[in-house]
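Let's take a walk through this model, one region at a time. Keep the viewer open as you read.

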Amino acid sequence: MAYTRLIVLVMVFEVFITAVVGLGIYFGFSIFPYSQSPVTTTGAAVQTIGFNATIPLYMPSLTDLKIPYTYLQAGEQVWGITAFLVSAAVMGLQSFIRGMYLGGLKGWVLNRKTVPLITCGRRYFGDMIAWSIFQNVVVGLIFFLTISFFPFGIILMIALLFYSLTPYLIVLQNITFSDALAKAPRMFRRYFSTLLPLALFAMFCTLVISLFRSLAPPWGYAVPLLAYACVGTFLIGELMSRLAVKLTLDGEQVPDLPIVEIRARRMVNAMNVLLVPVLVSAGIFAASGKHLSAFELGSKSRFDGFSYNTNFSDVFYVSDQKYTAYEWQTGDFSIALKLPDLSSERKPDELRGIADITWQVNEEVRTVHGNSTQIDLKPIMHKSRLMYRLVRETANNGSFYYSSMNGSSSILPGEERPREPLSIQIMVSGDGSHIFIMQYPTRFDISQVFRVSDDGRYLIPRTSQMNPMDFHYYWFTTEQSTENLLEMLAAKNKTNYIATINRSYLALACALQEGDGRMVVNLLETMRQAGVNVKAPDWDDQTWTDNLHGRYKGASLQKTLELLTKAGVQGGYEGKELLDKSDEKIGVYRFEVPFPDGMLSIIYKESKEDGKLLSVNVMD
């Protein structure tokens with residue numbers, strides 16, 4: 001049972017680190033070295049696929065296997081005074097527990113004694129923390145030297161390896177850190193051939209265990225946690241046993257622990273065994289981020305909303321991928337979260353919490369037809385929970401908004417079964433009246449897609465040039481209105497332009513549909529300068545905007561969204577050739593831009609030989 005309590009000790013520390021890493025993501029601090037988890041191009045921590053062969057040293061740790069401690073997306077690492085203090089506290093606790101662990105192993109491998117672990121921790125704490133400081137300083141030097149000049153980093157890494165027996169010598173021989181550090185290189189060279197087979201066996205064992213990290217959550221965390229705690233403890237115990245034998249044969253002193261042996265009762269042994277599944281469950285709970293729910297205080301405000309997405313629309317193609325338009329969808333979409341009062345001039349630096357969202361997640365739906373199975377990808381409505389830490393950002397005009405791009409946001413594991421891992425980004429306007437959620441596959445880099453309006457009120461994403469339909473956006477607001485919609489589209493169009501005049505009438509149709517008078521005037525003027533014969537009302541930006549907005553007056557939000565969607569799809573506007581006005585060289589075409597109060601027609605002429613646009617006539 002001595003090994004069982006040491007396995008429990010390892011798991012207790014690993015579960016503790018798991019919980020603290022989650023708290024760091026939520027409150028905005030990193031923990032060295034436990035924040036060095038694998039990341040995607042978006043900064044999202046993910047379970048990696050592959051293997052990792054290593055040697056467990058001093059105490060098994062999931063960092064050895066490159067397994068993230070949490071399924072939450074870590075985002076950018078945040079260093080500062082809080083990170084330093086927490087990292088120092090964790091290092092101190094780790095040193096104490098490492099003394100407990102190695103002291104307990106020594107008592108067992110030398111004399112099969114069960115010794116009090118707390119006493120071992122106190123006995124070796126000072127030397128272990130000295131080793132931890134030494135090790136972290138050298139690792140930091142290795143990191144910086146590797147960046148500046150790679151060979152120096154490799155040399156220092158090999159040099160550190162020669163001192164790797166230091167903690168074992170401290171415990172086995174009851175000597176100080178400085179004495180053990182001085183002896184370690186000589187002992188490493190002397191016992192290298194003896195310890196090499198064990199090291200190779202350890203690498204094989206860790207390679208096998210690391211394969212389990214590719215399991216679906218939460219097993220990609222739980223299985224390695226339990227397996228490595230057991231196997232790693234056995235390997236470190238075997239290392240200490242062989243090292244003790246060699247030291248004795250060489251005439252070195254390996255004194256017994258100056259600690260009285262204890263005899264564990266059956267009840268204590270049974271509790272140690274029962275703690276193993278309890279700790280696995282606790283680790284799963286903490287890795288999912290669900291323990292952060294303890295910080296949910298106060299009531300939440302509920303916002304209704306709708307979704308939108310980009311696509312390979314007609315205007316996207318004809319503008320040489322420079323004009324983005326959206327498809328819109330209504331549904332029972334909603335979000336509930338707690339927001340502070342953001343109406344005052346003094347705004348908090350960060351917003352954090354857990355939101356409850358009702359949205360769609362694309363899942364594989366399998367339908368069996370006789371001997372065949374059909375697999376379809378369908379959007380399924382789910383109620384999910386989102387953890388977020390939003391950092392205050394400054395928009396182009398100096399306004400504030402809040403974003404998870406430099407903070408963090410994650411989907412807490414629930415009933416969702418997406419086809420592939422999903423990530424999210426969250427953006428909140430400076431006054432808290434608009435909340436945007438961006439859902440996308442974790443494997444994508446969204447830096448070129450994520451875009452905020454100049455005033456920080458709206459999320460106006462670009463069209464992805466690869467898989468635009470894999471990006472889904474949700475807009476929740478205190479007031480769902482046509483005015484807000486058209487204002488958001490006008491903000492989006494400030495970044496749109498056309499790279500060629502040919503077929504630019506499609507961009508004109510989209511600008512008319514979206515009620516953006518500024519874009520309409522710019523497009524008409526660009527056409528005139530290119531030599532296109534333009535016939536349209538001679539209005540300024542505001543007059544065009546008032547006229548187009550007035551066409552939506554009185555229409556339902558559902559009807560408005562249906563019409564606005566025509567700008568963001570293929571085939572939204574179908575042109576018809578006017579045969580009585582066309583000839584062999586010039587084609588005359590007409591298509592309609594629909595509004596709630598009727599149609600607005602565009603008649604254009606273009607060359608049938610080279611597709612050059614000749615004239616455009618906007619008719620009411």
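**Cavities, sheets and helices**

N362, L377, P418, R419, E420, L422, Q439, P441, D470 and H472 line the second largest cavity. A cavity here is a set of points on a 1 Å grid over the protein atoms alone where a 1.4 Å probe fits but cannot get out, and lining residues have an atom within 4 Å of a point. This is a predicted model, so to speak of local features pLDDT has to be at least 70, side-chain atom pairs count only at pLDDT 80 or more, and totals for chains, interfaces and linings use all residues. Numbering starts from 1 along each chain as its sequence is written, and side-chain values use heavy atoms, with hydrogens and water left out.

Back to that second largest cavity: about 110 Å³ of space lies in it, where a volume is the space filled by probe spheres set on the grid points, joined across faces, edges and corners. Its lining splits into 4 nonpolar, 3 polar and 3 charged residues; Ala, Val, Leu, Ile, Met, Phe, Trp, Tyr, Cys and Pro count as nonpolar, Asp, Glu, Lys and Arg as charged, and the others, Gly among them, as polar. In total the structure holds 5 cavities of 30 Å³ or more. The largest has about 160 Å³ of space and a lining of 18 residues, with I25, F29, S30, S35 and A74 nearest its centre. Which helix gives the most to that lining? Helix α1 (residues 2-27) does, with 3 residues. Helices (H or I, at least four residues) and strands (E, at least two) are DSSP runs, numbered from the N terminus.

While you're around there, look at the peptide bond from F32 to P33: it is cis, with omega near 0 degrees. P33 sits in the loop between α1 and α2 (81-111). Another cis peptide bond joins P217 and P218, with omega about 5 degrees, and P218 lies in the loop between α6 (177-210) and α7.

That brings us to a helix pair. Helix α5 (residues 166-173) and helix α7 (residues 219-249) pack at about 65 degrees, their axes 11 Å apart; axes are lines fitted to C-alpha atoms, for helices over the stretch in contact, and angles run from 0 to 180 degrees between N-to-C directions. On the α5 side, Y168, L169, V171, L172 and Q173 meet I236, L239, M240, L243, A244 and L247 of α7, contact meaning heavy atoms within 4.5 Å. By class, this contact has 10 nonpolar, 1 polar and no charged residues.

Now for the strands. A barrel closes from 8 strands in the order β1-β2-β3-β4-β5-β6-β7-β8, with antiparallel pairing; two strands pair if DSSP finds at least two bridges between them. Strand β1 (residues 301-310) and strand β2 (residues 326-337) are joined by 9 bridges, and S301 stands opposite L337 in β2. Helix α10 (residues 482-493) lies across β1, β2, β7 (434-441) and β8 (472-477), running at about 115 degrees to β2.

Finally, an open sheet of 5 strands has the order β9-β13-β12-β11-β10, with mixed pairing. Its edge strands are β9 (533-535) and β10 (576-577). Within this sheet, 10 bridges join the antiparallel strands β11 (residues 586-595) and β12 (residues 598-607), with V588 partnered by K605 in β12.

Key
1 Å grid on protein atoms, 1.4 Å probe; cavity = no way out; pocket = protein on both sides within 12 Å on 5 of 7 lines; lining within 4 Å.
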